[in-house]
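Please open the structure in the viewer and keep the selection tool at hand.

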Amino acid sequence: SEMCIRDRYKMVQDVKPGGIFMINCQWSDEELNQHMPAEAKQYIAKNNIQLYTINAIDKAIEIGKLATNAGMKVLVDFHYSDFWADPAKQKAPKAWSSMSLTEKETALYNYTYDSLTAIKAAGVDVGMVQVGNETNNGMCGETDMTSKCALYNKGSEAVRAVDANILIALHFTNPENAGSYASIAEKLAANNVDYDVFASSYYTYWHGTMSCLLYTSPSPRDCS
């Protein structure tokens with residue numbers, strides 16, 4: 001990301017000779033050349049590394065416009081990680097990895113606000129924003145519920161600041177575990193988390209029969 005490059009993280013040195021290095025940024029080629037450290041340029045040239053850039057915001061806008069033009073509202077899902085986030089992987093972006101919780105709150109707010117502002121300004125009809133993805137066990141490297149709730153609220157605050165009409169979803173998984181969602185909901189309420197939708201993943205391979213979605217039922221369910 002741009003922050004990683006500005007802060008001189010040595011990400012490219014992890015790429016093997018002849019490998020591919022892709023950077024998610026909104027810079028032009030000229031701006032990237034200006035910001036990239038000399039040692040990174042030298043490593044890329046010396047090791048014959050293929051360098052590519054992708055602008056995730058522009059790609060989100062492109063896809064979002066297709067949906068909007070088809071009459072659909074768009075769900076924007078923020079994973080807040082350099083990798084796909086799921087229950088086993090909730091690493092903070094490398095640029096945020098050494099931050100305190102307070103610093104992460106600020107970074108998460110700014111990233112959410114700036115990204116969503118750009119998407120909305122391009123004419124995408126955003127109906128819902130998901131603050132995190134399958135965050136049962138963590139988000140941005142934070143694993144205790146109090147810290148996660150602080151991050152949820154910063155994401156929610158950013159969404160409300162951009163457009164108060166956008167619904168805010170918090171996203172969890174493992175609906176087959178009886179009582180788990182009720183427990184999470186109680187903790188969200190205890191920490192005064194601002195959200196509209198309690199969202200759940202559901203895959204028959206992982207989560208069993210459709211009866212497992214009836215997580216409010218106090219009786220045992222068939223999750224075989």
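Helices and strands are DSSP runs, of at least four residues for helices and at least two for strands, numbered from the N terminus. In this sense, Phe-78 is found in strand S3. The model toured here is a predicted one.

**Whole chain**

Display the chain as a cartoon. It contains 8 helices and 6 strands, and from the N terminus on the elements follow the order α-β-α-α-β-α-β-α-β-α-β-α-β-α. Of its 224 residues, 40% count as buried. Among contacts with a separation of 6 or more, 71% are accounted for by residues 24 or more positions apart.

**Phe-78**

Select Phe-78 in strand S3. Is this residue buried or exposed? Buried means under 20% relative accessible area; Phe-78 has 6% relative accessibility and therefore counts as buried. Next, display its contacts, leaving aside residues up to four places away in sequence: Phe-78 touches Tyr-111, Thr-112, Ser-115 and Leu-116, as well as Val-129, Gln-130, Val-131, Gly-132 and Asn-133.

**Helices H4 and H5**

Select residues 56–69 (helix H4) and 101–121 (helix H5), whose axes come within 9 Å and cross at roughly 40 degrees. H4 and H5 are therefore oblique to each other, and their crossing is right-handed. To view the contact, show Ile-57, Ala-60 and Ile-61 of H4 together with Ser-115, Ala-118 and Ile-119 of H5. These contact residues divide into 5 nonpolar, 1 polar and no charged.

**Lys-104**

Remain on helix H5 and select Lys-104. With a relative accessibility of 5%, Lys-104 counts as buried. Apart from residues up to four places away in sequence, Lys-104 touches Ala-92, Trp-96, Met-99, Cys-140, Gly-141, Glu-142 and Leu-151.

**Helices H6 and H7**

Now select residues 145–162 (helix H6) and 180–190 (helix H7). At what angle do their axes cross? The crossing is at roughly 65 degrees, and the axes come within 10 Å. That makes H6 roughly perpendicular to H7. The crossing of H6 and H7 is right-handed. Show the side chains of Met-145, Cys-149 and Tyr-152 in H6, which meet Ile-184, Lys-187 and Leu-188 in H7. The contact comprises 5 nonpolar residues, no polar and 1 charged.

**The nonpolar cores**

Keep Tyr-152 and Leu-188 selected: these have the most contacts inside the largest nonpolar core, which has 33 residues. At least two residues of this core are supplied by each of H4, strand S3 (74–78), H5, strand S4 (126–131), H6, strand S5 (167–172) and H7. H6 provides the largest share, 5 residues. To follow the surroundings of Leu-188, show Met-145, Cys-149, Tyr-152, Leu-170, Phe-172, Val-193, Tyr-195 and Phe-198, which Leu-188 touches when residues up to four places away in sequence are not counted.

For the last stop, select Val-15, Trp-27, Met-36 and Ile-44. These are among the 11 residues of another core, which lies apart from the largest one.

Methods. Residues numbered from 1 in each chain as written. Predicted model: local features only at pLDDT ≥ 70, side-chain atom pairs only at ≥ 80, totals over all residues. Heavy atoms only, no water. Axes fitted to C-alpha atoms, helices over the stretch in contact; angles between N-to-C directions. Parallel < 35°, antiparallel > 145°, perpendicular 65-115°, else oblique. Left-handed = near helix turned anticlockwise from the far one by under 90°. Contact = heavy atoms within 4.5 Å. Nonpolar A, V, L, I, M, F, W, Y, C, P; charged D, E, K, R; others polar. Core = buried A, V, L, I, M, F, W, Y, C linked by side-chain atoms within 4.5 Å. Buried < 20%, exposed > 50% of the residue type's maximum accessible area, 1.4 Å probe, protein only.
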